Amino acid sequence: MEIKEIIDEKVWQDFEGSCAPHTFLQTWEWGAAQELLGHKIFRLGIFEKGNIRGTAFVYRINARRGSFLFCPHGPSVSWQDPEDFRALAGHLRALAKKEKVSFIRVSSLAPDTEEMGKLFKTEGFIPAPVHMMHPENAWILNINRPEEEILGAMKKRTRYSIRKAEKDGIKITTSANPEDVKLFYGMYLETAKRQKFIPFSESYIRREFEIFKNNNKALMFFAYFKGKLISAAVIIFSSGMAFYHHGASIRSDNSGLTASELLQWNVILEARRRGLKNYNFWGIAPENAKKHPWRGLTIFKKGFGGRAENYLHAQDLVISPKYWLNYVVETLRRVKRGY
């Protein structure tokens with residue numbers, strides 16, 4: 001078993017395409033975006049006798065409480081064969097010491113099972129104190145079927161809201177122009193304040209959009225009522241599906257408007273035109289978290305029909321005692337936010 005960095009984009013993309021993971025956070029484009037944002041990145045490949053068996057995109061996050069290596073929604077390995085992950089864990093431990101970071105965080109797409117928890121534990125990992133850095137509970141809709149069937153499987157209220165928005169004159173537009181991130185961002189900040197989450201910076205969203213847009217993998221959707229922007233979304237098209245990555249809306253005086261439902265329906269139609277099979281609505285609240293800040297958003301997403309995918313909670317591998325300061329701070333923050 002050999003682990004080494006992959007510098008050939010085609011090698012990386014071909015393997016990721018064969019895996020078709022339900023994420024875009026392990027794509028070549030996501031790595032390029034993080035690099036432009038100033039992060040040191042590592043595209044690692046797991047090889048056996050020259051044949052690629054798995055990959056892991058990892059990048060370094062510099063923080064005052066302690067820098068760390070982060071693997072978002074990775075690695076891309078066969079969880080039925082734990083030897084690949086064990087080899088990778090050993091390599092990451094050595095890399096972390098070389099980079100002089102406090103810990104390694106892995107937010108994988110491994111299924112949320114007792115067996116997976118034990119696998120990480122045997123390699124020295126512990127559950128991370130944060131609820132998530134990226135979704136651990138996703139909502140996925142199969143769109144590889146007739147439009148009438150998709151509509152018919154929706155909640156009655158969602159289907160009604162789409163038709164109502166059309167009758168109310170809601171207009172949906174799209175844009176691939178990075179300059180329009182400014183239009184999105186003001187509303188996004190308002191949404192973050194209302195829903196009590198920490199927003200990404202405008203430069204972060206713009207860089208991400210620019211990278212994916214260059215390969216025709218990103219599009220912004222805007223919903224207008226009488227010329228006023230009231231809802232928006234940033235959509236990523238990758239790994240055989242569409243992803244609802246960022247969303248925003250304003251509290252309108254016209255509380256009966258259902259612009260967001262119509263906007264999402266237009267995203268679904270665009271994804272189908274591109275020949276994609278699934279729409280990933282991204283994060284939802286855990287099933288029993290009745291007081292979770294995402295509860296209302298989760299009800300909205302589930303109204304379109306679909307199914308849940310639950311991933312193993314983020315796992316941390318402690319490298320330095322400095323980690324425990326970060327652990328305490330993140331624990332307090334999680335409790336405060338009601339996660």
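Mentor: Let's begin with Lys49, which sits in the loop between strand E2 (41-48) and strand E3 (51-61). Please keep in mind that the model is predicted. Although Lys49 is not a glycine, its phi is positive, at about 55 degrees.

From there, go on to another loop, the one between strand E4 (68-72) and helix H3 (82-99), where you will find Pro75. The peptide bond that joins Gly74 and Pro75 is cis, with omega at about 0 degrees. Pro75 also takes part in a pocket: along with Pro21, Val77, Trp79 and Leu109, Pro75 is listed as lying nearest the centre of the second largest pocket, which 13 residues line. That pocket has a volume of about 210 Å³. Its lining is made up of eight nonpolar and five polar residues, with no charged ones.

Now for a pair of helices. Two packed helices are described by the angle between their axes and the distance between the axes. Helix H7 (residues 181-195) packs with helix H8 (residues 202-213) at an angle of about 140 degrees, and their axes are 10 Å apart. H7 is therefore oblique to H8, since only angles over 145 count as roughly antiparallel. The crossing in which H7 passes H8 is right-handed. On the H7 side, Val181, Lys182, Phe184, Tyr185 and Tyr188 take part, and they meet Glu202, Ile205, Arg206 and Phe209 of H8. Sorted by class, the residues of this contact are six nonpolar and three charged, with no polar ones.

Methods. Residues numbered from 1 in each chain as written. Predicted model: local features only at pLDDT ≥ 70, side-chain atom pairs only at ≥ 80, totals over all residues. Heavy atoms only, no water. Axes fitted to C-alpha atoms, helices over the stretch in contact; angles between N-to-C directions. Helix = DSSP H or I, 4+ residues; strand = E, 2+ residues; numbered from the N terminus. Parallel < 35°, antiparallel > 145°, perpendicular 65-115°, else oblique. Left-handed = near helix turned anticlockwise from the far one by under 90°. Contact = heavy atoms within 4.5 Å. Nonpolar A, V, L, I, M, F, W, Y, C, P; charged D, E, K, R; others polar. 1 Å grid on protein atoms, 1.4 Å probe; cavity = no way out; pocket = protein on both sides within 12 Å on 5 of 7 lines; lining within 4 Å. Points joined across faces, edges and corners; volume = space filled by probe spheres on them.
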